[in-house]
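I opened this entry to see how two chains meet. My notes follow in the order I looked things up.

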Number of protein chains: 2
Amino acid sequence: MKDATEMYIPTLEDMLAAHERIKPYIHRTPVLTSSYFNELTGAKLFFKCENFQKAGAFKVRGASNAVFGLSDEEARHGVCTHSSGNHALSLSYAAGRRGIPCNVVMPRTAPEAKKAAVRGYGGTITECEPSTSSREAVFAEVQARTGGDFVHPYNDPRVIAGQGTCSCELLEQTDGLDAVVAPIGGGGMISGTCLTLSSLAPEVKIYAAEPEQADDAYRSFKAGHIIADDAPETVADGLKVPLKDLTWHFVRNHVTDILTVSEQDIIDAMKLIWQRMKIVMEPSSAVPLATILKNRDVFAGKRVGVVITGGNVDLDKLPWMKN
Amino acid sequence: MKDATEMYIPTLEDMLAAHERIKPYIHRTPVLTSSYFNELTGAKLFFKCENFQKAGAFKVRGASNAVFGLSDEEARHGVCTHSSGNHALSLSYAAGRRGIPCNVVMPRTAPEAKKAAVRGYGGTITECEPSTSSREAVFAEVQARTGGDFVHPYNDPRVIAGQGTCSCELLEQTDGLDAVVAPIGGGGMISGTCLTLSSLAPEVKIYAAEPEQADDAYRSFKAGHIIADDAPETVADGLKVPLKDLTWHFVRNHVTDILTVSEQDIIDAMKLIWQRMKIVMEPSSAVPLATILKNRDVFAGKRVGVVITGGNVDLDKLPWMKN
């Protein structure tokens with residue numbers, strides 16, 4: 001694990017190297033537009049569809065960059081991680097492509113579809129309780145036992161450089177943007193977005209979108225230091241984890257604002273995207289549109305990139321279903 | 001209504017005219033591929049995604065061709081139709097774009113999402129019972145009252161010429177095909193496919209895919225004459241209607257075979273497409289993939305176009321949900 005005293009901040013060169021390194025293993029995902037949502041919001045929205053990404057989420061970018069950046073010696077004992085889901089299956093996918101072992105610690109409450117996908121890519125799961133404290137304890141045991149290289153789901157410069165390739169593509173695919181909105185959990189996607197845009201398009205404002213019920217990043221941003229909650233509850237299961245030193249660095253220095261929305265806002269936005277755009281995406285991915293709908297005045301008249309982070313949802317437990 | 005004695009068979013020229021006429025009002029929908037489904041089937045599949053089409057279904061092609069082919073005099077009293085759903089909202093959309101009235105007769109059991117969409121486009125709904133006999137009786141009254149031009153959902157040369165533009169695009173978007181599989185209900189999409197492919201790519205085999213529980217086209221094909229059921233029950237709600245003289249002409253002369261699948265086959269294929277391709281599509285659209293999975297020997301090693309006909313599904317009533 002990285003110590004804060006030796007924190008390495010990834011650079012634009014790291015992101016550009018990741019961009020070349022991971023190309024054979026990922027999709028250049030499409031950017032979709034919707035006249036319906038443009039009318040509804042008064043903005044011009046460009047949806048970067050990482051739900052169509054390999055392994056179903058943007059996290060395969062950072063995971064592939066970490067896995068394929070290892071020397072053969074470093075890769076000898078494989079990789080390991082803890083993750084609420086998408087990083088777990090992205091790392092399993094990347095490790096499988098390289099042919100090395102992957103051990104992941106997942107909360108027992110993670111969607112069954114994600115657990116099945118991890119196993120399908122060849123990853124080995126050890127379950128923990130759905131809290132940060134349990135996850136870290138179980139992971140320490142797994143890491144000691146396997147000796148795998150730890151690829152943190154977000155607080156890792158290789159991962160952040162990889163996630164930054166998403167907004168690099170988005171810039172190439174759109175003809176100028178005023179703002180980008182991405183969800184924030186641990187801050188990996190937002191940090192990668194900050195890394196890329198602060199160098200290549202510093203005029204673009206960066207908004208982080210967060211569930212009210214897991215608003216630790218929002219409170220950290222207002223307080224000026226990291227505030228971490230142990231086990232927040234939200235339908236956006238990818239956004240429950242707290243900021244760490246490296247992602248906090250990017251959030252503090254480059255994020256324009258953090259906007260929060262209710263659980264119902266998230267569910268309504270998710271259902272509306274399914275209905276109108278005919279795409280399957282997970283609750284976390286609906287948080288950006290939910291914030292745009294709630295803060296119409298901030299975005300109206302603007303050209304806005306919206307990151308649809310992933311599509312790995314349990315079709316038997318959709319949030320609008322009655323249990 | 002057309003009389004069989006004066007049946008006009010649409011030609012390649014009609015399809016090409018439609019192709020030009022409707023361009024401003026429809027999307028050129030993407031063709032998606034999936035390495036997962038290629039491995040699963042042993043074939044190379046090219047999914048023509050009409051779920052991303054305007055009004056959410058391929059039917060907007062035929063409807064737009066009919067509406068924009070009318071003279072101002074002919075368009076004076078608007079248009080009218082009966083439909084289990086997608087033709088209703090496609091005709092409402094096209095009439096709305098032209099600024100003329102649209103009256104539609106829909107079964108009261110049609111998905112709420114489709115009824116709401118018809119009203120959203122400005123169409124006026126009159127409900128009937130979910131049987132062919134009730135639909136035709138209620139429609140006769142509506143047509144007499146409004147004087148609108150009748151645009152049949154499939155047994156109309158303008159509609160078939162319009163649907164034929166879908167496989168015209170598919171040919172342009174793929175580099176040679178061995179077969180195309182499309183669902184069959186009344187036969188509009190299949191007839192348009194036959195119209196286009198029999199002229200432009202006669203080497204491509206045409207397979208129609210049908211639910212076992214609404215297999216009137218299959219039985220017609222085997223018997224050599226139209227067999228119509230009054231009210232078949234299937235989860236593929238767009239495929240309940242019978243062949244008519246014009247669509248029968250194309251089916252009889254150009255279809256290679258009709259393949260049928262069970263309700264469970266359809267639901268399984270639909271869920272698998274949602275899970276792996278991350279697209280929202282309706283049960284009828286899953287029937288082609290279900291037949292390919294069931295008839296692996298017919299399609300393995302082939303390059304196969306698969307028509308995803310529409311995406312207008314009621315998200316509160318997905319077929320794998322427990323009621």
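I began with the buried area, meaning the accessible area (1.4 Å probe) that two parts lose on being put together, summed over both. Between chain A and chain B it is about 1,600 Å². Carbon and sulfur atoms give 58% of that.

A note on the model: it is predicted, local features need pLDDT of at least 70, side-chain atom pairs count only at pLDDT 80 or more, and totals for chains, interfaces and linings use all residues. Residues are numbered from 1 along each chain as its sequence is written, chains are lettered from A and ligands numbered from 1 in the order written, and side-chain values use heavy atoms, with hydrogens and water left out.

Next, contacts (heavy atoms within 4.5 Å). I found 20 residues of chain A in contact with 20 residues of chain B.

How many salt bridges are there between chain A and chain B? I counted 2, taking a side-chain nitrogen of Lys or Arg within 4 Å of a carboxyl oxygen of Asp or Glu. A:Lys271 forms a salt bridge with B:Asp316. Their closest N and O atoms are 2.8 Å apart.

I also sorted the side of chain A that touches chain B by class: 10 nonpolar, 6 polar and 4 charged residues. Here Ala, Val, Leu, Ile, Met, Phe, Trp, Tyr, Cys and Pro count as nonpolar, Asp, Glu, Lys and Arg as charged, and the others, Gly among them, as polar.
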